Amino acid sequence: MSMDTVSPILRPVGIIRNAVQEPFLVAGRDGISQREGADASRMHIQSTKEAISEIVLDENRIALLDGIEGYSHVTVLYWGHKVPEESRSVDRVHPMGRVDIPKTGIFSTCSPARPNPVLATVVRLHARRGNILEVTGLDAVDGSPLIDIKPYVPSHYPQADVRVPAWMEGLMKEIGERRQ
């Protein structure tokens with residue numbers, strides 16, 4: 001079977017609700033840029049850490065959430081519905097739209113401009129109310145289609161000998177995120 005004959009079908013299982021109306025990164029034909037500059041982007045990233053978002057699962061899929069309350073964190077996969085079609089063919093970008101960082105391949109970045117804008121974020125789970133999860137740390141835009149939720153299990157991810165490029169370390173330091 002070749003890649004040309006494979007056509008996966010993703011069906012949203014819910015929707016994300018929060019106060020974020022526009023992504024802080026703008027994806028376009030030439031790559032990505034920051035909507036309002038570096039300071040506003042840093043503030044946006046910091047505010048999503050504290051802001052409550054709701055993950056609203058379709059009512060007919062409520063059983064999928066059974067047992068989720070046992071986890072402090074979950075990984076949320078969602079569709080970047082505000083990523084324009086023309087930016088999905090971009091191969092290389094300046095990470096976070098920062099022209100002071102050399103362009104790198106899309107798969108080496110967390111850029112929303114991807115062939116398939118499937119985005120993922122680990123969030124803190126605060127509460128479950130029926131088919132609704134209250135979380136913090138979700139960087140999705142209001143109305144983003146929910147693709148999947150997975151429990152965050154730290155032992156499933158490498159802890160030792162993890163390497164990231166210096167430019168990524170610098171970005172994480174700027175926004176106040178440090179590796180353990």
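Q: How should I read the accessibility of E134: buried, partly exposed or exposed?

A: E134 counts as partly exposed, at 22% relative accessibility. The general idea is a scale of relative accessible area, on which buried means under 20%, exposed means over 50%, and partly exposed lies in between (1.4 Å probe, protein chains only). Keep in mind that this is a predicted model, where local features need pLDDT of at least 70, side-chain atom pairs count only at pLDDT 80 or more, and totals for chains, interfaces and linings use all residues. Residues are numbered from 1 along each chain as its sequence is written, and side-chain values use heavy atoms, leaving out hydrogens and water.

Q: Which side chain does E134 meet in a salt bridge?

A: A salt bridge is a side-chain nitrogen of Lys or Arg within 4 Å of a carboxyl oxygen of Asp or Glu. Here E134 pairs with R129, at 2.2 Å from N to O. Salt bridges with shared partners link E134, R129 and E54 in one network. R129 is partly exposed, because its relative accessibility is 39%.

Q: How many salt bridges are there in the whole structure?

A: The search finds nine. One of them joins R88 to E85, with 3.1 Å between N and O. R88 is buried because its relative accessibility is 17%, whereas E85, at 57%, is exposed.

Q: With which residue does D100 form a salt bridge?

A: Its partner is R98, and the closest N and O atoms of the pair lie 2.8 Å apart. D100 counts as exposed at 53%, while R98 is buried at 16%.
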